[in-house]
Amino acid sequence: MRSDLSLVAHHVSKKFGLTLKQSLRYGLRDMAKTFLGGRVSTDQLRQGEFWAVRDVSFQLERGESLGIMGVNGSGKSTLLRMLNGVYAPDAGHIQIRGRVAALIAAGAGFAPMLSGRENVYINGALLGLTKRQVDALIDEIIAFSELEEFIDLPVRNYSSGMFVRLGFAIAALSRPDVLLMDEVLAVGDLNFQKKCFDCILSMKKQGTSIILVSHSPGSIWAVCDRGLFMDHGHVVVAGTAEDIVRAYDDQNSRNAVESNLRFSAAHTATTHADITLMEKESLPAPSRGQLQSVDGVVCREFRILSRQNGAEVCEIDFHELVDLQLVIDVYQVTKNVSVRVVIDASHYKNILVLDSYEQGLMIDELLPGRYSFKISLQANYLRPGAYTFNVTVISKHVAAHLSLWLKCATIVIRTPRDLFLYAEPLAVVHLPATFSCQPLLADQRSLHA
Amino acid sequence: MSIPYPLFVYIGTSLWALLMATITTVANGLIGNSDLIIRTNIPKIGLSLTGLANVLYNYIVGVVLLLVVFAFFRLSPHPGILLYPIVSLPIIALGVGVGLVLAVVGTVARDVTPIAVSILGLLMYVTPVVFNADLSNPVLRRIIIANPLTYLVDTPRSLATLGVIPSPIGYFLATLLSLVMLWIGIHAFYLVQDKVAERL
């Protein structure tokens, strides 16, 4: 291990059993084998096991910080526990230089009946500090955690924020060589979070290496120089903090689409089952999922087509233009028809509407037959994320819609390579703008004048 | 042999309780501290043994009470009672050894610990805890003589009340066995302790 490195993970893997029964059997077998002096080879998967972390390698220099992002179940916490020495890796090895402090969960190891002050000493001992070292730090810890009058209260009466504050204060002020953090700062209030970030950055300057696991792109971007994006135990992207935030956002958008589809399918299946059970004869089975016709018009197809090659797409680049294609069947003569596409974002409904009359097309009359509409987008200002399309066909003289098709298509807009859109996860539209800055007053004194 | 029966039983059961309490405490030390094990990297054997402090404290209270029981029967304990805490140490060693094995096995198969403790509890009926070793049933008598726990319980009790060690050789062998069990327990614990955290 090079002297400027504080942590090296070398092809680290960890596996777990899928079912309790299986892991119990393997566990007992391995244990018996070990007792009898045999060697248990751990680098192969047996039936019913999976890799929670697979072949992860990275190095961390002194004072460097690494962010780890990934959706739930991607192996972040398992990796962190291995780095903390709690789990032994099943393959590969980890080398760490110096003292490790871990903030894996708020208030780990606090004895509920003891006071905050007593817990500081216990936690300090767990982190490898002597009583004298804690004596020297205790005032600083109390001040940092803002617990002055509560420090002698039993910690079972603490709020979760107080827990985190005390836990963070002990871990941070013990000046470890490596600090591992797992999504703990989110509990503190804004003022404390800001203080934590200041503290983390100053620790970094003094040579502490930091590993931060978080779901918050803001924290990763604020703290980390580099990052890993994990998916199903593998490191998929290893790069700058911005790169992994992008990969994480894209993954989240895809998952949003997928879970949405799965939920709809499950929902349709249950409702359908209920109907068959309850009133087998009287209700017609709904045809093709959400597709409905109210009055003589049926939406048949809705597709999102790439502008470049006309192929159907479900994922496009930021700012990429697409064509929407809608095919409807008309069963009776219908007058003054307009077609409307409504777009939902994952958090908000009806964020955008494309209405044919608004955009200059009102069809006076449709005779029975099949029609295809093409909607060509002139601009696409949607921010990266997942979007759902709903289609309605409307007649001017009918108050309600003639046909409604909810969730007829979904699309994922990928994060751009050239821009870093981190500021607001709930924002849905990105309006390109030019920012500029000019000095108005020359020096600070004139501000008070 | 003129120990009042209540005194005989009191000493016997408190020594037996010491063994069972040591086993259960050590065996449950890991599961009870799973929160700490998963979140911090500290020696696991320490966590398994922390509960012993509690057990020893109870034991000391029991010894003090023992003196009260002696006073109640207007008996003065034999000076051999000073050795009482020392000669009961093999019981603790045995309990820790068994407890450590159960602790690591128990992390994988949770139910093993209570089952094993219940079965060990049955051994009380072949150990002279509430009755005298001089039984008329020859089979039971042979089992009791072969049972090392007999000597671990009998020796401190006889020493405290009568000032004699009934069977020094039996006590010596039983002590040796306890130390072997302690060694096995510690050894087994260190062998598999890396695998413990992920099972909790």
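A salt bridge here is a side-chain nitrogen of Lys or Arg within 4 Å of a carboxyl oxygen of Asp or Glu. The model is predicted.

**Exercise 1.** State which residues are linked with Lys15(A) in a network of salt bridges, and how many salt bridges there are over all chains.

*Solution.* Lys15(A) is linked in a network with Asp30(A), Arg46(A) and Glu49(A). The count over all chains comes to 24 salt bridges.

**Exercise 2.** Determine which parts of chain A the salt bridge between Glu146(A) and Lys195(A) ties together.

*Solution.* Step 1: the side chains of Glu146(A) and Lys195(A) meet at 2.6 Å, N to O. Step 2: Glu146(A) lies in the loop between helix 4 (131–145) and helix 5 (160–173), and Lys195(A) in helix 6 (residues 190–205), so the pair ties together parts 49 residues apart in sequence. Step 3: Glu146(A) has a relative accessible area of 27% and is partly exposed; Lys195(A), at 23%, also counts as partly exposed.

**Exercise 3.** Describe the separation of Asp198(A) and Lys194(A) along helix 6 of chain A, and classify the exposure of Asp198(A) and of Lys194(A).

*Solution.* Step 1: the two side chains form a salt bridge of 3.2 Å, N to O. Step 2: Asp198(A) and Lys194(A) are four residues apart in helix 6, which means a separation of about one helical turn. Step 3: exposed means over 50% relative accessible area. Lys194(A) has 54% and is therefore exposed, whereas Asp198(A), at 42%, is partly exposed.

Definitions and conventions. Residues are numbered from 1 along each chain as its sequence is written. Chains are lettered from A and ligands numbered from 1 in the order in which they are written. This is a predicted model: local features need pLDDT of at least 70, side-chain atom pairs count only at pLDDT 80 or more; totals for chains, interfaces and linings use all residues. Side-chain values use heavy atoms; hydrogens and water are left out. Helices (H or I, at least four residues) and strands (E, at least two) are DSSP runs, numbered from the N terminus. Buried means under 20% relative accessible area, exposed over 50%, partly exposed in between (1.4 Å probe, protein chains only).
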